[in-house]
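Student: I am new to this structure and would like to learn how to read it. Please take one feature at a time.

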Amino acid sequence: MRETATTQIRRWRKALQSSLWLALLSFVVTTSFLPSLAQQPPETAIVQSRSEAQTALDRARVLYEGGRFAQAAQLWQQAREAYQRQGDRLQEAASLNYLSLAYQDLGEWERATRAIAESFALLGAQSDPGNAESALILAQALNARGTLELARGQIEAAANTWKEAQDAYAIAKDDAGKLGSQINHAIALQKLGLYRRSRHLLEAANQQLRSQPDSEIKVSGLQNLAIALQVVGDLEQSHEILTQSLAIARGLEVRERISPRQTAAILFNLGNISRSLQQPQAAFEYYQQAAEKAKDPLLGVEIQLNQLNLAIQTEDWPLARTLFPSLPGQLAELPASRASVYAKVNFAESAINYQQKTNESPWSVETAHLLASAVQQARSLQDARAESYALGQLGHLYESANQGEEAQKLTQQALAIAEGINATDLVAPWQWQLGRVLNQQGDTEGAIAALSESVNSLEALRSDLVAINPDVQFSFTETVEPVYRQLVSLLLKSNPSQKNLKQARQTIEALQLAELDNFFREACLDAQPVLLDEVDATAAVIYPIILPDRLEVILSVPGQPLRHYNTQESQAVVERILLNFLESLNPFFADETRLELSQRVYDWLIRPAQADFAANNIETLVFVLDGVLRNLPMAALHDGEQYLVEKYNLALTPGLQLLAPRAIAREGLQAFTGGLTEARQGFSALPAVKSEMERIAAKLPTEVFLNEQFTTQTLKEHIETAPFPLIHLATHGQFSSNPEETFVLTWDDKILVREFQTILRSREDSKPRPIELLVLSACQTAAGDKRAALGLAGVAVRSGARSTLATLWSVNDRSTAELMAEFYRQFTETRVSKAQALREAQQFLLKNPEYAHPYYWAPFILVGNWL
């Protein structure tokens, strides 16, 4: 989704914190808060006097807020030189602070770093650091340094810097600046995985704002807090706080104490977040209300652009055709700024999407003219980043018109500019676009090279990609995932070499890692390549890959070259059959239908490899599943005579590079078991859980916590203090593609996945022995969520457990108790591998006529190390 144009690029680059500037943190909620763009050119005369320096400083702020960063930098540099001549160290430092921010926006990182270092050198020479004015400028310097550190991936340093900034703002008695730094500090803590501390700071910020009297500052603070909550993934609370901000703004507007355009900006952001929450009708209504209030031309255009984009997404063609005609004229009249350049680019993106969906291109000429003018504007602004963005989009327009030569030329120009300013976040999409254009022209080798570079750039951008959420202009599934898939598709074309097969396997594993990073909204999964031969010589790894035009499978067998096979069915057909198969696992479906679908999927994934399994004495099949396949139980695949689980041990992994490659240490096994037998928080009772716990306790030393004993605090305390290698939780839970809807239920709470993984990892520093096995015996994937198993994989990988045994759906708790009892019996008495113990337990149920249907035994899956 689109945000305001300014927000897209400057989310982490907001101007200095001061009560004189309404923005409280390093986000820009909307351009409606900004003054109208200054029409005057920047000063060229030498600034001499103190008053001239102050005027230059103030005019530069206006230019900066209007997206004219190069001109702002010129004025700030002049002001800095004037203060330097006058010997005013404080104001020279302030000018350098501003200058650093402008350089950050221009991608001139070395100059930004140098400017802030010079500022600190000047501030360090001050004799009275407790002075309010000195403290304020120090706080501004710290804020600028924090934004720079965060932009360069130095997250821990940024967190510490913003903590210092809070203290400096407190000395300066600038409550607005202090609050902004506190919110920034919370964002940095979130990125470091310190969720409780981050949440505590955000809640404290909310309480501080609630206690303040209604004012324009309070409205702005609530908006910035709402954006911070969006960044950390709490969309519901963000919507709630924006709604509070709107109510206050409306009251102030009636008393003429706030501008109607600020109310319009809140409505606009409510539209954006409603869209993120999959509420398109509510989003349309907010956009319409915002449009009626917006008087600022840029904000008005941005609202219409979002309405247009949403109309195209929801295929509301009458509304789209109503919005299109008036936009080119309005865009052409906007004064030159980065915001206006980006607005034109956004219009072009919508026009191209409209054309691709409808095969109509009535606005192609206007779009080309707008993009050409955007390029010229960016050049006049000396804004290389905006120029790269406009040139690349112009290349995309030519690409969509199948004019490959021009598309290639423009894309290469955009790429060269992005590389020149080290804008990796632009380099990656332009490399992807170049790969598409070259492939369109029949240059497969060149396309592979360009797409490979794009993937490498995305890998380098991992810490930035996790910040992408549904409210920004492009989503992970639109601009990240397709790069990996298109590269894999080209690598597996025709008769791929071993080199191409290895790169395709590496790419699909990298995609799995990127998806998990995006799920958790932070990049801290450590990946280490592992050779299958060194893990288990009797295990084969199967990589099914769903591509738009076919289903590919890469097969890895120890000691053998990689091989691949495919099925020429479209993604739509493959996913329809897979979803039908999943539905057929309900006992109410006819066995004939289920077996027919099961055999079809078996033919795609397993049958072509049967000879390889037999020739290499394969005992275990390890699946690296893709897309909708993750929600399906491989155990229920049928060859016409037997289920797959009757022939092989089975396991899943998000990739061998995330595997802890060693078998479990059997000595001294102890288990922590917690569960609920009674109905809690709207979830049904699980009466057989008590029996499940007792039977586990009969097999190995166990501490049991049932019902009111099984609280979040109990779990936390015992995980931290006792070295339990086995943790068995028999309770309701849900896996979802949304981390806010992925949780485990305790007696008193729902533990969301992020907090859950923090609890499980809490003992890592003090207890060297890892969690060998985590069992979640009554959880389920969210109904109707095609990517729900991402939550399951996320829990498995981020819990720190070597292996996780979980369920794809919640089944009869009596049959679950039987299966778990047999699993622990096999595992403790026969000392077989975890995968074989699960297989034996599943077959144990399969042989029981009461539980022979796959519904009862198939949903149990083992993720991670299978040994």
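Tutor: Start with the labels: helices (H or I, at least four residues) and strands (E, at least two) are DSSP runs, numbered from the N terminus. The model is predicted, so local features need pLDDT of at least 70 and side-chain atom pairs count only at pLDDT 80 or more, while totals for chains, interfaces and linings use all residues. Residues are numbered from 1 along each chain as its sequence is written, and side-chain values use heavy atoms, with hydrogens and water left out.

Student: Is Asn422 buried or exposed?

Tutor: Buried means under 20% relative accessible area, exposed over 50%, and partly exposed in between (1.4 Å probe, protein chains only). With a relative accessible area of 55%, Asn422 is exposed. Arg831 is another non-glycine with a positive phi, about 60 degrees. Its loop runs between H35 and helix H36 (834–846), and at 48% relative accessibility Arg831 counts as partly exposed.

Student: How many residues does H7 have, and what span is expected?

Tutor: The expected span of a helix is 1.5 Å times one less than its number of residues. H7 has 17 residues and reaches 25 Å from its first C-alpha to its last, close to the 24 Å expected. Helix H5 (residues 109–124) has 16 residues and should span 22 Å; its end C-alpha atoms are 22 Å apart, which agrees.

Student: Which residues of H5 are buried, and why do they line one face?

Tutor: An α-helix has 3.6 residues a turn, so residues three or four places apart point the same way. In H5 the buried residues are Trp109, Ala112, Ala115, Ile116, Ser119, Leu122 and Leu123. Seen down the axis of H5, they fall within an arc of 155 degrees (taken from the directions from the helix axis to the C-beta atoms), so they line one face of the helix. The face turned away from that buried side carries the exposed residues Glu110, Ala121 and Gly124.

Student: What do the buried residues of H5 pack against?

Tutor: Contact means heavy atoms within 4.5 Å. The buried residues of H5 pack against helix H4 (89–105) and helix H6 (132–151). Those of H7 pack against H6 and helix H8 (175–191). Among the buried residues of H7 are Trp162 and Tyr169, and Tyr169 has 0% relative accessibility.

Student: At what angle do helix H26 and helix H34 pack?

Tutor: Axes are lines fitted to C-alpha atoms, for helices over the stretch in contact, and angles run from 0 to 180 degrees between N-to-C directions. H26 (residues 498–520) and H34 (residues 789–798) pack at about 90 degrees, with their axes 10 Å apart. Angles under 35 degrees count as roughly parallel, over 145 as roughly antiparallel, 65 to 115 as roughly perpendicular and the rest as oblique. H26 and H34 are therefore roughly perpendicular to each other. Residues making the contact include Phe519 and Phe520 of H26 and Leu790 and Arg798 of H34.

Student: Which residues is Thr816 in contact with, beyond its neighbours within four places in sequence?

Tutor: Leaving those neighbours aside, Thr816 is in contact with Glu692, Ser777, Val811 and Phe860. Thr816 lies in helix H35 (residues 813–830) and, at 3% relative accessibility, counts as buried.
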